[in-house]
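I opened my notebook and went through this structure piece by piece. Here is the place to look before reading on.

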Amino acid sequence: MVKAHTSWKVLKHGPLEQLSDNLWRVQGALPGMSLERVMTVVQRGDGSLLLHSPIALNEAQQAELESLGPIAVLVVPNGGHRLDAPAYKQRYPRALVFCPPQAKSRVQEVVAVDGTYLDYADDGVVRFEVLEGVAEAEGAMIVRSRDGQSVVLNDVVMNMDKKKDLLGYFFTTVLGSAPGPRVSRLSRLVYVKDQPALRAHLERLAALPGLARLIVSHEKVAHGEAAAAALRQAATYLKPS
Ligand SMILES: [Fe+2]
(Lines give C-alpha, C1' and ligand atoms only; values in the text may rest on other atoms or scores of the structure.)
Protein backbone atom coordinates (compact mmCIF):
# COMPACT_ATOMS: atom_id res chain seq x y z
CA MET A 1 0.00 0.00 0.00
CA VAL A 2 1.33 3.43 -0.97
CA LYS A 3 1.87 5.84 1.92
CA ALA A 4 -0.44 8.85 2.02
CA HIS A 5 1.14 12.08 0.79
CA THR A 6 1.66 14.60 3.57
CA SER A 7 2.58 17.42 1.17
CA TRP A 8 0.91 18.64 -2.04
CA LYS A 9 2.30 16.12 -4.51
CA VAL A 10 0.95 16.40 -8.05
CA LEU A 11 0.94 13.33 -10.26
CA LYS A 12 -0.03 13.38 -13.93
CA HIS A 13 -3.71 14.10 -14.38
CA GLY A 14 -6.24 15.18 -16.96
CA PRO A 15 -8.51 18.25 -17.10
CA LEU A 16 -11.47 19.09 -14.90
CA GLU A 17 -14.18 17.58 -17.05
CA GLN A 18 -17.75 18.87 -16.57
CA LEU A 19 -20.38 16.11 -16.63
CA SER A 20 -23.46 18.08 -15.58
CA ASP A 21 -24.42 21.48 -14.15
CA ASN A 22 -23.05 20.59 -10.69
CA LEU A 23 -20.76 17.65 -11.44
CA TRP A 24 -17.16 17.25 -12.66
CA ARG A 25 -14.49 14.56 -12.73
CA VAL A 26 -10.72 14.42 -13.05
CA GLN A 27 -8.82 11.29 -14.04
CA GLY A 28 -5.24 10.98 -12.88
CA ALA A 29 -2.29 8.68 -12.36
CA LEU A 30 -1.47 6.54 -9.37
CA PRO A 31 2.16 6.17 -8.27
CA GLY A 32 4.00 3.40 -10.10
CA MET A 33 1.04 1.86 -11.93
CA SER A 34 -0.97 2.19 -15.13
CA LEU A 35 -4.29 1.89 -13.33
CA GLU A 36 -5.76 5.39 -13.03
CA ARG A 37 -8.00 7.00 -10.43
CA VAL A 38 -10.89 9.42 -10.61
CA MET A 39 -11.85 12.35 -8.41
CA THR A 40 -15.53 13.31 -8.56
CA VAL A 41 -16.42 16.93 -7.75
CA VAL A 42 -19.94 17.98 -6.74
CA GLN A 43 -21.23 21.49 -6.19
CA ARG A 44 -23.79 21.32 -3.41
CA GLY A 45 -26.91 23.44 -3.09
CA ASP A 46 -25.08 26.07 -1.01
CA GLY A 47 -22.41 26.43 -3.73
CA SER A 48 -19.70 24.63 -1.75
CA LEU A 49 -17.77 21.67 -3.18
CA LEU A 50 -17.61 18.04 -2.13
CA LEU A 51 -14.65 16.04 -3.46
CA HIS A 52 -14.98 12.25 -3.69
CA SER A 53 -11.58 10.52 -3.72
CA PRO A 54 -9.58 13.79 -3.80
CA ILE A 55 -6.66 14.17 -6.22
CA ALA A 56 -4.05 16.94 -5.78
CA LEU A 57 -4.07 18.98 -9.01
CA ASN A 58 -1.49 21.28 -10.56
CA GLU A 59 -1.79 24.92 -9.49
CA ALA A 60 -3.65 26.11 -12.61
CA GLN A 61 -6.28 23.41 -12.34
CA GLN A 62 -6.47 23.61 -8.57
CA ALA A 63 -7.27 27.33 -9.05
CA GLU A 64 -9.95 26.35 -11.58
CA LEU A 65 -11.40 23.94 -9.02
CA GLU A 66 -11.31 26.61 -6.29
CA SER A 67 -13.10 29.05 -8.59
CA LEU A 68 -16.13 26.73 -8.60
CA GLY A 69 -16.72 27.15 -4.86
CA PRO A 70 -15.18 26.65 -1.42
CA ILE A 71 -13.99 23.09 -0.74
CA ALA A 72 -16.21 21.98 2.15
CA VAL A 73 -16.21 18.18 2.17
CA LEU A 74 -13.55 15.55 1.46
CA VAL A 75 -14.89 12.03 0.92
CA VAL A 76 -12.38 9.21 1.37
CA PRO A 77 -14.32 6.35 -0.23
CA ASN A 78 -12.39 3.48 1.36
CA GLY A 79 -9.29 2.83 3.44
CA GLY A 80 -7.10 2.60 0.32
CA HIS A 81 -8.17 5.91 -1.25
CA ARG A 82 -6.55 8.17 1.33
CA LEU A 83 -3.45 9.10 -0.72
CA ASP A 84 -4.06 12.87 -1.07
CA ALA A 85 -6.49 13.35 1.84
CA PRO A 86 -3.91 14.64 4.39
CA ALA A 87 -2.50 17.19 1.90
CA TYR A 88 -6.04 18.40 1.12
CA LYS A 89 -6.89 18.75 4.81
CA GLN A 90 -3.67 20.72 5.33
CA ARG A 91 -4.53 23.04 2.44
CA TYR A 92 -8.25 23.32 3.29
CA PRO A 93 -8.36 22.89 7.10
CA ARG A 94 -12.06 23.77 7.33
CA ALA A 95 -13.09 20.92 5.02
CA LEU A 96 -14.90 18.06 6.78
CA VAL A 97 -13.77 14.48 6.13
CA PHE A 98 -16.29 11.66 5.61
CA CYS A 99 -15.72 7.96 4.85
CA PRO A 100 -17.56 4.63 4.99
CA PRO A 101 -18.04 3.36 8.57
CA GLN A 102 -15.63 0.43 8.31
CA ALA A 103 -12.88 2.59 6.70
CA LYS A 104 -12.79 5.04 9.59
CA SER A 105 -9.87 3.51 11.48
CA ARG A 106 -7.64 3.31 8.37
CA VAL A 107 -8.51 6.79 7.17
CA GLN A 108 -7.99 8.16 10.66
CA GLU A 109 -4.38 6.94 10.58
CA VAL A 110 -3.64 9.76 8.11
CA VAL A 111 -6.37 12.40 8.57
CA ALA A 112 -9.02 13.24 11.20
CA VAL A 113 -12.47 11.90 10.26
CA ASP A 114 -15.49 14.09 11.01
CA GLY A 115 -18.14 11.52 10.21
CA THR A 116 -19.08 8.41 8.30
CA TYR A 117 -21.58 8.03 5.46
CA LEU A 118 -24.19 7.33 8.15
CA ASP A 119 -23.63 10.84 9.56
CA TYR A 120 -23.95 12.67 6.22
CA ALA A 121 -27.56 13.81 5.98
CA ASP A 122 -29.06 14.18 2.48
CA ASP A 123 -28.19 17.78 1.55
CA GLY A 124 -30.61 17.95 -1.38
CA VAL A 125 -27.85 17.25 -3.94
CA VAL A 126 -25.75 14.49 -2.34
CA ARG A 127 -26.76 11.49 -0.31
CA PHE A 128 -24.92 8.32 0.68
CA GLU A 129 -25.97 4.71 0.97
CA VAL A 130 -23.66 2.26 2.74
CA LEU A 131 -23.39 -0.66 0.33
CA GLU A 132 -24.88 -3.91 1.50
CA GLY A 133 -22.77 -7.04 1.53
CA VAL A 134 -19.40 -5.29 1.97
CA ALA A 135 -19.34 -4.92 5.78
CA GLU A 136 -19.69 -1.13 5.48
CA ALA A 137 -16.32 -0.84 3.68
CA GLU A 138 -17.74 1.21 0.77
CA GLY A 139 -20.82 3.13 -0.18
CA ALA A 140 -22.70 4.63 -3.07
CA MET A 141 -22.77 8.41 -3.40
CA ILE A 142 -25.87 9.56 -5.23
CA VAL A 143 -25.83 13.01 -6.82
CA ARG A 144 -28.83 14.91 -8.17
CA SER A 145 -28.17 17.15 -11.15
CA ARG A 146 -30.47 18.91 -13.59
CA ASP A 147 -30.19 16.02 -16.05
CA GLY A 148 -30.85 13.26 -13.50
CA GLN A 149 -29.13 11.21 -10.83
CA SER A 150 -25.56 9.95 -10.87
CA VAL A 151 -24.29 6.99 -8.90
CA VAL A 152 -20.66 7.28 -7.77
CA LEU A 153 -18.97 4.07 -6.67
CA ASN A 154 -15.40 3.41 -5.62
CA ASP A 155 -13.54 0.08 -5.93
CA VAL A 156 -16.53 -2.21 -5.70
CA VAL A 157 -17.31 -1.73 -9.40
CA MET A 158 -14.51 -1.09 -11.89
CA ASN A 159 -14.86 -0.04 -15.50
CA MET A 160 -11.50 -0.26 -17.23
CA ASP A 161 -9.84 -1.79 -20.24
CA LYS A 162 -7.13 -4.38 -19.71
CA LYS A 163 -3.63 -2.98 -19.08
CA LYS A 164 -0.58 -4.45 -20.73
CA ASP A 165 2.28 -3.40 -18.42
CA LEU A 166 3.35 -5.95 -15.80
CA LEU A 167 1.62 -4.49 -12.72
CA GLY A 168 -1.37 -3.46 -14.84
CA TYR A 169 -1.62 -7.01 -16.20
CA PHE A 170 -1.55 -8.29 -12.62
CA PHE A 171 -4.39 -5.98 -11.57
CA THR A 172 -6.59 -6.25 -14.63
CA THR A 173 -6.06 -9.88 -15.66
CA VAL A 174 -4.76 -11.87 -12.67
CA LEU A 175 -6.95 -10.02 -10.17
CA GLY A 176 -9.77 -9.90 -12.70
CA SER A 177 -10.62 -6.19 -12.63
CA ALA A 178 -11.03 -5.65 -16.40
CA PRO A 179 -12.56 -5.43 -18.90
CA GLY A 180 -15.38 -3.60 -17.18
CA PRO A 181 -17.90 -2.89 -15.93
CA ARG A 182 -17.47 -5.60 -13.34
CA VAL A 183 -16.95 -6.48 -9.70
CA SER A 184 -13.30 -7.52 -9.72
CA ARG A 185 -11.99 -10.79 -8.38
CA LEU A 186 -9.95 -8.73 -5.90
CA SER A 187 -13.07 -6.90 -4.66
CA ARG A 188 -14.89 -10.19 -4.28
CA LEU A 189 -12.00 -11.50 -2.18
CA VAL A 190 -11.35 -8.38 -0.13
CA TYR A 191 -14.63 -6.47 0.25
CA VAL A 192 -17.56 -8.63 -0.58
CA LYS A 193 -18.89 -10.64 2.37
CA ASP A 194 -22.40 -11.29 1.04
CA GLN A 195 -22.58 -11.54 -2.76
CA PRO A 196 -26.40 -11.75 -3.09
CA ALA A 197 -26.86 -8.68 -0.85
CA LEU A 198 -24.44 -6.58 -2.91
CA ARG A 199 -25.91 -7.88 -6.16
CA ALA A 200 -29.39 -6.80 -5.04
CA HIS A 201 -28.07 -3.39 -4.01
CA LEU A 202 -26.39 -2.81 -7.40
CA GLU A 203 -29.65 -3.81 -9.11
CA ARG A 204 -31.57 -1.33 -6.95
CA LEU A 205 -29.12 1.42 -7.94
CA ALA A 206 -29.63 0.48 -11.61
CA ALA A 207 -33.36 1.08 -11.14
CA LEU A 208 -32.96 4.60 -9.69
CA PRO A 209 -35.36 6.96 -11.45
CA GLY A 210 -33.65 9.27 -13.92
CA LEU A 211 -30.28 7.50 -13.66
CA ALA A 212 -28.03 9.65 -15.84
CA ARG A 213 -24.57 8.17 -15.24
CA LEU A 214 -22.38 5.77 -13.31
CA ILE A 215 -19.04 7.18 -12.18
CA VAL A 216 -16.43 4.83 -10.73
CA SER A 217 -13.02 5.58 -9.24
CA HIS A 218 -11.31 3.27 -11.79
CA GLU A 219 -11.94 4.59 -14.55
CA LYS A 220 -14.69 5.11 -17.16
CA VAL A 221 -18.04 6.87 -16.88
CA ALA A 222 -21.17 5.18 -18.26
CA HIS A 223 -23.75 7.69 -19.51
CA GLY A 224 -27.49 7.47 -20.03
CA GLU A 225 -28.92 4.00 -20.54
CA ALA A 226 -25.40 2.56 -20.36
CA ALA A 227 -25.30 3.51 -16.65
CA ALA A 228 -28.06 1.10 -15.62
CA ALA A 229 -26.66 -1.53 -18.01
CA ALA A 230 -23.21 -1.16 -16.40
CA LEU A 231 -24.61 -1.65 -12.90
CA ARG A 232 -26.63 -4.67 -14.01
CA GLN A 233 -23.63 -6.15 -15.78
CA ALA A 234 -21.42 -5.64 -12.71
CA ALA A 235 -24.09 -7.34 -10.59
CA THR A 236 -23.81 -10.50 -12.71
CA TYR A 237 -20.31 -11.08 -11.27
CA LEU A 238 -21.98 -11.76 -7.92
CA LYS A 239 -23.97 -14.81 -6.88
CA PRO A 240 -27.75 -14.34 -6.84
CA SER A 241 -29.73 -15.18 -3.73
FE1 LIG B 1 -9.13 1.97 -5.77
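My entries below go from ground rules to metal site, strands, cores and salt bridges.

**Ground rules**

I am looking at a predicted model, in which local features need pLDDT of at least 70 and side-chain atom pairs count only at pLDDT 80 or more, while totals for chains, interfaces and linings use all residues. Residues are numbered from 1 along each chain as its sequence is written, and side-chain values use heavy atoms, with hydrogens and water left out.

**The iron site**

I started with the metal and asked which protein atoms are the donors of the iron ion. I found His81 (NE2), Asp155 (OD), Asp155 (OD) and His218 (NE2), lying 2.0 to 2.7 Å from the iron ion. Donors here are N, O and S atoms within 2.8 Å of the metal (3.2 Å for Na, K and Ca); water is not among the atoms, so sites may look incomplete.

Along the chain, I read the donor spacing as H-x73-D-x62-H. His81 sits in the loop between strand E5 (71–75) and helix H2 (85–91), and His218 in the loop between E11 and strand E12 (222–223), so I noted a pair 137 residues apart that links distant parts of the chain. Helices (H or I, at least four residues) and strands (E, at least two) are DSSP runs, numbered from the N terminus.

Next I checked the geometry. The four donor atoms subtend angles of 53 to 140 degrees around the iron ion, which makes the arrangement irregular. For four donors, tetrahedral needs all angles between 85 and 135 degrees; four count as square planar and six as octahedral if opposite donors are over 155 degrees apart and all others between 65 and 115, and anything else is irregular.

Are His81 and His218 buried or exposed? I found both of them buried. Buried means under 20% relative accessible area, exposed over 50%, and partly exposed in between (1.4 Å probe, protein chains only).

**Strands**

I traced an open sheet of seven strands in the order E1-E2-E3-E4-E5-E6-E7, with mixed pairing. Its edge strands are E1 (17–20) and E7 (115–116), each pairing on one side only. Two strands pair if DSSP finds at least two bridges between them. Strand E4 (residues 49–52) and E5 run parallel, joined by four bridges, and I saw Leu49 opposite Ile71 in E5.

Then I followed E9. Five bridges join strand E8 (residues 126–130) to E9, and the two run antiparallel; Phe128 has Met141 in E9 as its bridge partner. E9 and E10 are also antiparallel, with five bridges, and they form a hairpin with two residues between them. Here Arg144 has Gln149 in E10 as its bridge partner. Six of the seven residues of E9 are buried, so this strand is largely enclosed by the rest of the structure.

**Nonpolar cores**

In the largest nonpolar core, of 28 residues, Leu153, Leu202, Leu205 and Leu214 touch the most other members. Strand E9 (139–145), strand E10 (148–153), helix H6 (195–206), strand E11 (211–216) and helix H7 (225–235) each give two or more residues to this core. H7 supplies the largest share, six residues. A nonpolar core is a set of buried Ala, Val, Leu, Ile, Met, Phe, Trp, Tyr and Cys residues joined through side-chain atoms within 4.5 Å.

I looked up the surroundings of Leu214. Leaving aside neighbours within four places in sequence, Leu214 is in contact (heavy atoms within 4.5 Å) with residues including Val151, Leu153, Ala227 and Leu231. Apart from this core lies another, of 23 residues, among them Ala95, Ala103, Val107 and Val111.

**Salt bridges**

I listed 15 salt bridges, each a side-chain nitrogen of Lys or Arg within 4 Å of a carboxyl oxygen of Asp or Glu.

- Lys163 and Glu219 form one, with the closest N and O atoms 2.8 Å apart. Lys163 lies in the loop between E10 and helix H4 (166–174) and Glu219 in the loop between E11 and E12, so the pair ties together parts 56 residues apart in sequence. Lys163 is buried at 16% relative accessible area, and Glu219 is buried at 7%.
- Arg146 pairs with Asp21, the closest N and O atoms being 4.0 Å apart. Arg146 is exposed at 77% relative accessibility, whereas Asp21 is partly exposed at 28%.
- Arg44, Asp46 and Asp123 are linked in a network of salt bridges.
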